[in-house]
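Colleague: I am new to this one. Please bring up the structure, and I will ask as I go.

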Amino acid sequence: MERIQSAFRKNWEHKLENLGFGYHSLEGLYWDESHYYQFSMREITTIEKATAELWDMCLEAVDHVIANGLWDRFNIPLWFRDYIVTSWEEDHPAIYGRFDFGFDGSNLKLLEFNADTPTSLYESSVVQWYWLQELFPYKDQFNSIHEKLVDYWKYLKNYMNPHYIYFTSLTNIEDVTNVEYMRDCASQAGFDTEFIAIQDIGWAENIGEFIAKDDLIMEYIFKLYPYEWILADGYGEKLVKNGFRSQWMEPAWKVLLSSKAILPVLWDLYPDHPYLLEAYFEPGHLKNYAKKPVYSREGANVVLYKDDIVIEENGGDYAKEGFIYQQLFDLPEFEGNYPVIGSWVIGQEPAGIGIRESTHLITNNQSRFMPHLIND
């Protein structure tokens, strides 16, 4: 894995905006094509193999959590547990997820799994592909995200009726862009689709139904809004009362995989696995470790320790559900920059990668997205 310097394309901002990618520079530079990451095919094969194996391990971990009633570790209220179990036992469809890997070219370790509301989908799938086609049309990327998304929606079309899906999120530009891209993939697969802001979804208490602005009942809803927020907002009770007459994607069982609490569960199930870092609900014997909230976003409330001394920490509002403790991985450093690889699983299969780079050890909302290519 190498970090290669590259000039920005002429009129690069205009080219990105023509793709509908409007948040390339909102709070400082986010899309950064001043460098790119170059991988060998051997390295890509390593990432792809790890993604497939970890996905299978995560499914086993969900089954383990449910079978052994480990709900308290995930702060799941009693009244929501059967809802999760039903979504799991009935195999409600899961579209996608993003593993975050630390990778130095040899050692690959799972840092966490963004299983419920992963972002950077559009830049991973479309934006970096157009960058590659313009600058390196003779090279390849590990990137079949778009094709796999469309194909998986086509597969789901055989099991979903009616073929009408609402897509929802908050109205910030990043969430809307990611949701609208997912909506476009579903449309290409033959679904009728509609975007609705999450705050515009209505609730008809008398009939226990979620309704759109035209008072139509919403039968399928794809959301970019995390389940822990749904529970905190008081909408979890409405999901339970609705009883899956509205089916939400991602499914409720994904709340277990999106929690950092799954990391100690995985380590307990697969101790000393080469893709895992030691992880516990107490620091125990660890001296070099990351203290992570059970639920958090963009590195909030994460604290890094070396020899039990804090070396970096982020503030935030995610401390109330408790923490897990994960062995520290030494990210590779490139001139003061630290990359984390986001590896996508689409419809049960590895599909491609996107890279976030930061000048900090903790990847946060100031981190940049960097394109990549395969050198072989």
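**Strand partners**

Colleague: Which residue in β15 stands opposite lysine 291?
Modeller: Start with the strands, which are DSSP runs (E, at least two residues); helices are DSSP runs too (H or I, at least four), and both are numbered from the N terminus. β12 (residues 289-293) and β15 (residues 323-327) run antiparallel, joined by five bridges. In β15, the residue opposite lysine 291 is tyrosine 325.

Colleague: Before we go on, what do the side-chain values leave out?
Modeller: This is a predicted model: local features need pLDDT of at least 70, side-chain atom pairs count only at pLDDT 80 or more, and totals for chains, interfaces and linings use all residues. Residues are numbered from 1 along each chain as its sequence is written, and side-chain values use heavy atoms, leaving out hydrogens and water.

Colleague: How many residues of strand β3 are buried?
Modeller: Buried means under 20% relative accessible area, exposed over 50%, and partly exposed in between (1.4 Å probe, protein chains only). One face of β3 has Tyr96, Arg98, Asp100 and Gly102, the other Gly97, Phe99, Phe101 and Phe103, and all are buried. For strand β3 (residues 96-103) the count is eight of eight.

Colleague: Which residue in β16 stands opposite arginine 98?
Modeller: β3 pairs with strand β16 (residues 338-346) over six bridges, in the antiparallel sense. Arginine 98 lies on a covered face of β3. Its opposite in β16 is tryptophan 344.

Colleague: Which residue in the turn of the β3-β4 hairpin has a positive phi?
Modeller: β3 and strand β4 (residues 108-114) run antiparallel, joined by six bridges. Phenylalanine 103 has leucine 108 of β4 as its bridge partner. The hairpin leaves four residues between the strands, and the one with a positive phi, about 95°, is glycine 105.

Colleague: Which elements pack against the buried residues of α3?
Modeller: The buried residues are Phe80, Arg81, Tyr83, Ile84, Val85, Ser87 and Trp88. Contact means heavy atoms within 4.5 Å. The elements packed against them are α2 (41-68), α7 (227-233), α8 (236-242), β10 (247-249) and α9 (254-258).

Colleague: How many of the eight residues of helix α10 are buried?
Modeller: The buried ones are Ile262, Leu263, Pro264, Val265, Leu266 and Trp267. Their cover includes α2, β4, α9, β11 and β15. Helix α10 (residues 262-269) is largely enclosed by the rest of the structure, because the buried count is six.

**Charged pairs**

Colleague: How many salt bridges does the whole structure hold?
Modeller: Side chains of opposite charge can pair when their charged atoms come close. A salt bridge is a side-chain nitrogen of Lys or Arg within 4 Å of a carboxyl oxygen of Asp or Glu. A search of the whole structure finds 19.

Colleague: Is arginine 9 buried or exposed?
Modeller: Arginine 9 forms a salt bridge with glutamate 134 at 3.1 Å between the closest N and O atoms. That pair links distant parts of the chain, 125 residues apart: the loop between β1 and α1, and helix α4 (residues 121-135). Glutamate 134 is partly exposed at 38%. Arginine 9, at 8% relative accessibility, is buried.

Colleague: What is the relative accessibility of arginine 245?
Modeller: Arginine 245 meets glutamate 209 in a salt bridge of 2.8 Å, N to O. The two are 36 residues apart, with glutamate 209 in strand β8 (residues 209-211) and arginine 245 in the loop between α8 and β10. Glutamate 209 is buried at 9%. Arginine 245 counts as partly exposed, because its relative accessibility is 41%.

Notes: Pairing = 2+ DSSP bridges.
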